[in-house]
Amino acid sequence: MTRFESAPKAVSEARKLVADFVGRLASGVTISSAAVSQLVYSGATSTVTIGTPAISGSTITALVSGGTAGVLYQVTFQATLSNSEVIRMVTLLAVTPDAV
């Protein structure tokens, strides 16, 4: 699994996360379908809300909102390719308190 960086988000913020699979796609292979999931990597048991993933060329984008301040979430982007291969990219997303 390939990791990519994502900036922290505030509890009330909705943020688009983008996973770019460009270097992982063979010539002529495209992303056929996408799924995005999350789990708690560190901190209290809670969830972030993940919107329906969108595919554009070699990228998968998902809107992430909510979460609990101080929790670190692992967000996994899964791409099913036109050649039936399944590949994944992962990011760690920190949720911070809202600014006062």
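F77 sits in strand β8, where strands are DSSP runs of E with at least two residues, numbered from the N terminus. The model is a predicted one, so local features need pLDDT of at least 70 and side-chain atom pairs count only at pLDDT 80 or more, while totals for chains, interfaces and linings use all residues. Residues are numbered from 1 along each chain as its sequence is written, and side-chain values use heavy atoms, with hydrogens and water left out.

With a relative accessibility of 0%, F77 counts as buried; the label means under 20% relative accessible area, against over 50% for exposed and in between for partly exposed, using a 1.4 Å probe and protein chains only. Setting aside residues up to four places away in sequence, F77 touches F4, L17, A19, F21, A35, V36, I60, A62, I87, R88 and M89, a contact being heavy atoms within 4.5 Å.

What does β8 pair with? On one hand there is β4, joined to β8 in the antiparallel sense over 10 bridges; strands count as paired if DSSP finds at least two bridges between them. Here S42 stands opposite L72 of β8. On the other hand there is β9, which runs antiparallel to β8 and is joined to it by nine bridges. In that pairing, Q78 has R88 of β9 as its bridge partner. The β8 and β9 hairpin has four residues between its strands, and S84 takes a positive phi near 75° there.

Another antiparallel pair is β3 and β7, held over six bridges, with D20 facing its bridge partner T59 in β7.

R15 brings the charged residues into the picture. Its side chain meets that of E13 in a salt bridge (3.1 Å, N to O), and a search of the whole structure finds one salt bridge. The term covers a side-chain nitrogen of Lys or Arg within 4 Å of a carboxyl oxygen of Asp or Glu. E13 itself counts as partly exposed, because its relative accessibility is 29%.

Then there is K9, in strand β2 (residues 9-10). K9 is buried yet lacks a salt bridge, and the nearest side chain of opposite charge, E13, is 5.5 Å away. For charge, Lys and Arg count as positive and Asp and Glu as negative, with His and the chain ends not counted. Even so, a polar atom of the K9 side chain lies 2.7 Å from the backbone oxygen of E13. Beyond four places in sequence, K9 touches R15, V64, S65, G66, L93, A94, V95 and T96.

Terms used: A polar contact is a pair of N or O atoms within 3.5 Å; within protein, one must be able to donate a hydrogen and the other to accept it, and residues adjacent in sequence count only if both atoms are side-chain atoms.
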